[in-house]
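Please look through the structure below before reading on. The paragraphs that follow lead from domains to DNA and then to aromatic rings.

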There are 2 protein chains.
Amino acid sequence: MPTPQGKPARASRAPRTPRDGAGPKRATVQEVAEAAGVSTATVSRVLNGNYPVAADTRRRVEQAVRTLGYVVNAQARALAGSRTRTVGIIVEDIIDPFFGFIARGVQRQAAEDGKLCLVCSTYGVAGGELDLIDSLREQRADAVIVVGGGVEDPAYRRKLADRAHALNQDGSWLVLCGRPPLAADVPAGVVDYDNTGGAHAITDYLLGQGHRRILYIGGLDQMSVHRARVAGFRRAYASRGLEVDERLIQPGPFSRRLGYERTAQLLRDGSAGQFAAVFGANDGVAVGAMQALREAGLRIPQDVSVVGYDDIPLAAEVTPALTTVHLPLEQMGREAVRLAVALRGESDGPTDTRHVGTHVVIRDSTAPAPAS
Amino acid sequence: MPTPQGKPARASRAPRTPRDGAGPKRATVQEVAEAAGVSTATVSRVLNGNYPVAADTRRRVEQAVRTLGYVVNAQARALAGSRTRTVGIIVEDIIDPFFGFIARGVQRQAAEDGKLCLVCSTYGVAGGELDLIDSLREQRADAVIVVGGGVEDPAYRRKLADRAHALNQDGSWLVLCGRPPLAADVPAGVVDYDNTGGAHAITDYLLGQGHRRILYIGGLDQMSVHRARVAGFRRAYASRGLEVDERLIQPGPFSRRLGYERTAQLLRDGSAGQFAAVFGANDGVAVGAMQALREAGLRIPQDVSVVGYDDIPLAAEVTPALTTVHLPLEQMGREAVRLAVALRGESDGPTDTRHVGTHVVIRDSTAPAPAS
DNA sequence: CTGAAAGCGCTTACAG
DNA sequence: CTGAAAGCGCTTACAG
């Protein structure tokens, strides 16, 4: 009946008494059982298909399910069972292709395994990872996948290790994806790749082309990824008995803007000396550097060679196409989920580490050093 | 004790009897209550902070929580309460910036509201949306946000409407983001923008620059977004009393590759006649077209003007920077979550539609038509 | 192959 | 301000 007042009849905030006629309502196993004339146990068994049920009984149940439009209540199922069929993934920013592709791999593998993904982003907030792991623990995610290079700070690593133990207690697992292991006694899975080796390989390629003064741009000291890449850069020089001019190592956030601005500045003020090659700590940095070089009237690769890291699609799309280190990002995401599934098999196995391979992709942004 | 055989001591698949010593174990409210010397009701009340509790009692409980490392069990909470504090979002592909930015907005707003996001992708599989909505319904997501242009097929829209009703039954809501409403009687939220108006505006801008033969590339007939954009394109011509040469409308998937290949082909075989402007149905298509034009020796914008749609970062990064229609993608995502929250306030309100504004961004890829 | 019943870990009227 | 108790909707030994 219409409300006497002209106000819209919106549900008053009366306390929800159980089943007061209004309020949300969806069919339950109970109702399906009644409709099919069987017990709830039987309904559960046909729903899960994990136990023999007479063909005829099964049919009656399936019929009832259809008629009532029944859908299982995942929370009730998770509470009664032991798994939530959910995996959590924590990235810095879903819009960054590095994270985006890994997240895509995680999603796809999870979907194939009948799981759903809880995706969280830290947006670079310090400690954001920790809080998100806690939220995901509340959700009892079957696994929590933390993506990307981690902070090297020992205090932080200890906190992360605590989370790993807590998750493991709960029967879940922490999986580090693109980050080195925490410690031997920490129950966590790891999917990693060889940053040092990749940086070594691409630096050595440049060195082999006759380049000696390579400007290395990008990376923050606390990040494991950065330290490993710089280490590879240095080692390549060392392998050939060459020295690195420290002025050529220019740290900063992994961003296109950094590549652009730092390159432009060094070109302008010459404070790092000359250079005829640029190593961007990731593809974005490299592309930013390319733009600055071009604006300064330098040709790529005739005057300056440029390389990146990661091989996101952008690398192949710019002109000239960028020489870089290929990372199987999507595969890393898939691997992380597979590893988590494997680990749950063990009651509390040791840390398990999986390595994925990388390789240098030579495109058009590199050439032999100009004769000086 | 070590297993007699040399095999690794992995937990045998014995049936999990309740609390058999091994197995995952985490503290419960029960245990916190005992440790604090109060009832579980009281623990729940301090945890949720939604009810007065004596300061001293509160302290004891908080202490116990800390000591035991207690974390709430979200499934149990959701089962006992009525909300899951979870929102589901369905996109085509998280790696596509159009979807990525919307997903980011959804995530951020959800995080601010204390909710977690279940992110799903269809990867363009027909009907994928429907299945994913069902999964999200199992999860009892507080809202299910479906992103991007929808299929116009009436049968499909009917199925979607069924899902909307089902969700509404459950006390949840379907929210369409970047897609027109289904029908007046369907309980679903809508966050949309004016595709026709945007396409009209940017086409009119080109027309105002003296262009008459504008090549329109991209879009599939079944997609609502495409139909609306083409309608705007046509209307701009009509407003000025001009005719559209149908050969200049070239449909296809929204992809960089389409822009590149179709443009290259038309330049080669001339089957669409001449054109001195290209309207890419989205920025990716436009950038692909730019590449083909450049390879054909044409200058942008001196010889050919190019415009796109969406204004993803790529648009500002290419050279010359692309004139396009700006969409507040991240804001759309946020709006979708806010709308969902608002809708849950009503027991079953009518369809609620929110419009976000768009505008043309003029950059360097457009210029007056060359004198012919 | 099937059912009765306990239990998963919370929240929330209800009663003090 | 606090507690006893019911109930959320499933799954899973246990017993036939």
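How far apart do the C-alpha centres of domain 1 of chain A and domain 2 of chain A lie? In this predicted model, the distance between these two centres is 36 Å. The domain assignment of chain A places domain 1 at residues 29–72. Domain 2 is made of two stretches, 86–193 and 329–356, and domain 3 covers 195–327.

Next comes the DNA. DNA strand C is surrounded by 30 residues, and the closest are A:R45, A:P52, A:T57, B:V29 and B:S44.

Which helices supply the surface near DNA strand C? In chain A, α2 (40–48) and α4 (74–80) each give at least two residues, and so do α2 (40–48) and α4 (74–80) of chain B. The most comes from α2(B), which gives four residues. By type, the residues of this surface are 17 nonpolar, eight polar and five charged.

The last topic is the aromatic rings. A pair of aromatic rings is described by the distance of the centres and the angle of the planes. Over all chains, the count comes to 12 aromatic pairs. One of them joins B:F98 and B:F99, which are edge-to-face, with 5.2 Å from centre to centre and 80° between the planes. B:F98 counts as buried because its relative accessibility is 10%, under the 20% cut-off. B:F99, at 7%, is buried as well.

Another pair is B:Y216 and B:F233, with centres 5.2 Å apart; because the planes are at 55°, this pair is tilted. B:Y216 lies in strand β6 (residues 214–217) of chain B and B:F233 in helix α9 (residues 224–239) of chain B, so the pair ties together parts that are 17 residues apart in sequence. B:Y216 is buried, at 0% relative accessible area, and B:F233 is buried, also at 0%.

In chain A, one aromatic cluster is formed by A:Y216, A:F233, A:Y237, A:F279 and A:Y309. The charged end of A:R229 sits over the ring of A:Y309, 3.7 Å from the ring's centre. Between the chains, the charged end of B:R108 sits over the ring of A:Y123, at 3.9 Å from its centre.

Technical notes. Residues numbered from 1 in each chain as written. Chains lettered and ligands numbered in written order. Predicted model: local features only at pLDDT ≥ 70, side-chain atom pairs only at ≥ 80, totals over all residues. Heavy atoms only, no water. Near = heavy atom within 4 Å. Nonpolar A, V, L, I, M, F, W, Y, C, P; charged D, E, K, R; others polar. Domains from an automatic or database assignment. Phe/Tyr/Trp six-rings, centres within 6.5 Å; stacked < 30°, edge-to-face > 60°. Buried < 20%, exposed > 50% of the residue type's maximum accessible area, 1.4 Å probe, protein only. Lys NZ or Arg CZ within 6 Å of the ring centre and 35° of its normal.
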